[in-house]
Amino acid sequence: MDSYFIDPQRRRGAKLIFPAHQLTVCTDSYGIRTQLKFNVVVEKMDLQNLIQIRLTESSDQSKMFVSTIDNASYEQMRAEQSLHVTFQGFVDHLTKILDRCKREELHMSLVKDDSVHLLQFFEKSSFKNLTHLFLQIQIASTETVLFHINLALQSLQDQVGGYAGQMAKYQSELGARDDVIHRLQGEVRALNGRLLEQENLVFNRNTEEVNRLQQTIKHINESKELEEKRLKTIISGMQEKIDQQNKELLAGTEKIMHDSKRYEALREDNMKLKSHNNQLREEADRYKSDLQAYQSRDGRHESAIVDLRRQLIDLQSKLKIAEKQKSELEAELEAERNICQTKKNALQLTTDEISNANVMIASLNKEVAKLKSKVELRTEIAMRQEKLIQDKEKEYNELQGTVRQIQQEHVKNRAASEEYAQTVRRIKETSDAIEEKYRKKINDLIMKVSQNQNAEPVSVLNHQFPNRYLRPHNRIE
């Protein structure tokens, strides 16, 4: 019957009912007890009442024990051990017993008595071990041992071939990833160079614009000082209509509050920029965690991982450089905010000077009635200036949104070079258009102001509210 399980033709009908599993077996040979590890396998011939239990020592595959049970041997064993089940029921119970041995609820022992070997399944107890089943088992023939060793070698060769294919696949994937990483590094370096050049161009252009505006402010301040000297000679008689001038002063105070709210909005924009910077840091942390997960999956390829770590260090250094540039931009924004605060303080000082000048305005009540129409003209000019400033703020916000989009494309490293060049050209065209537009508007306003200053009463009101009409030009910075 043992030949059924080593015959290639008949073995096609063999069915595995208990796959190979390593179990501890107690051996007792002539009073010597030891514990050895055996691989236990149970097979059954399909459409026949024939099973074979095979025990192979884990450390020595040549030591094998087999027990083949057919209908006749089972009937004999059934009579000897008082079993109450059929052959199929015996197979099911044998499977359950082996499962309990895997969970170490039952134990196995191999006993040698003269020339007979017995395989016992027993349950340990403090009083007495309870034997559930025992089977006669004999040493396998050389032919059987060689057959199963060949089967094991074939399965190992198949596994080795599969592992070799997987290794080649993994190596090709690693090579492709290295190529992608090198390509992305080149793109990052190119984008960094272009971004640095664009930032230098924008910084130089803004510096020139600030210098021009400072010269314009200086010229206007000089003219304002001249006007103040001239106004001091005619302001002695103006002391009526204090209530009306106080109302105008309240309107100026409301304007200051409006400007303060605008400064708060700029501060909120700064906070948004800081939150965006935090998001960039979180993305960098997520990239680090992804790289660590990649390292845990591909632990066998340590040489490639060392290269990836070195590349990650380079990327981190570049990220630090980008953060440093962002901190410089934030410092510039803080400096601009300080300039705004300084201008606000200057406006407060001017307001104090106006309150001192109102003491001397009472004597000019009759002339104020004549100047009312010209005050309305001045108010209309101021409203036009406010409208121009609002238009500039909208265009400035659009330009700032475009810059943020460029920064996001730079962090993700996925924007194509052509798209980046087009974006840079659009920014340059927008900046040139804004610069040209407001250069013309500022020149027109300066001409209008210089024309209006030729009239003496209008110059008096210019002394009362000097910074109110100068501050929009300052805010162009």
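Start with the largest nonpolar core: of its 29 residues, select Leu55, Phe90, Leu94, Met108 and Phe121, which touch the most other members. A nonpolar core here is a set of buried Ala, Val, Leu, Ile, Met, Phe, Trp, Tyr and Cys residues joined through side-chain atoms within 4.5 Å. Buried means under 20% relative accessible area, exposed means over 50%, and partly exposed is in between (1.4 Å probe, protein chains only). Helix 2 gives the most to this core, with 7 residues.

Before going on, a word on what you're looking at: this is a predicted model, where local features need pLDDT of at least 70 and side-chain atom pairs count only at pLDDT 80 or more, while totals for chains, interfaces and linings use all residues. Residues are numbered from 1 along each chain as its sequence is written, and side-chain values use heavy atoms, with hydrogens and water left out.

**Stop 1: helix 2**

Select residues 87-102, which make up helix 2. Helices (H or I, at least four residues) and strands (E, at least two) are DSSP runs, numbered from the N terminus. The buried residues of helix 2 are Phe87, Gly89, Phe90, Val91, Leu94, Thr95, Ile97, Leu98 and Cys101.

Now pick Leu94 and show its surroundings. Which residues does Leu94 contact, leaving aside neighbours within four places in sequence? They are Val42, Ile51, Ile53, Phe121 and Leu133, where contact means heavy atoms within 4.5 Å. Just after helix 2, click on Glu104, which has a positive phi of about 65 degrees.

**Stop 2: helix 1**

Next, select residues 71-81 for helix 1, and color its buried residues: Tyr74, Met77 and Gln81. Look down the helix axis and these buried residues fall within an arc of 65 degrees, so they line one face. The arc is that of the directions from the helix axis to the C-beta atoms. Ala72 and Ala79 are exposed on the other side of helix 1. What covers the buried residues? Show strand 4 (64-69), helix 2 and strand 7 (130-139), which are among the cover.

Glu75 lies in helix 1 too, and is partly exposed, with a relative accessible area of 44%. Its C-alpha is separated by 8.6 Å from that of Phe87, 12 residues apart along the chain. Helix 1 is followed by Ser82, with a positive phi near 55 degrees.

**Stop 3: two strands**

Go to strand 3 (residues 51-57) and pick Gln52. Buried or exposed? Gln52 counts as buried, at 1% relative accessibility. Its side chain joins that of Thr68 through a polar contact of 3.3 Å. (A polar contact is a pair of N or O atoms within 3.5 Å; within protein, one must be able to donate a hydrogen and the other to accept it, and residues adjacent in sequence count only if both atoms are side-chain atoms.)

Then hop to Thr131 in strand 7. Thr131 is partly exposed, with a relative accessible area of 40%, and beyond neighbours within four places in sequence it contacts Phe121 and Phe122.

**Last stop: confidence**

Color by pLDDT, the predictor's confidence in each residue, from 0 to 100. The chain's mean is 76, and 80% of its residues reach 70 or more. Helix 2 is highest at a mean of 90, while helix 9 (residues 466-474) is lowest at 40. Over residues 456-477 the pLDDT is below 50. Where pLDDT is low, the predicted coordinates should not be read in detail.
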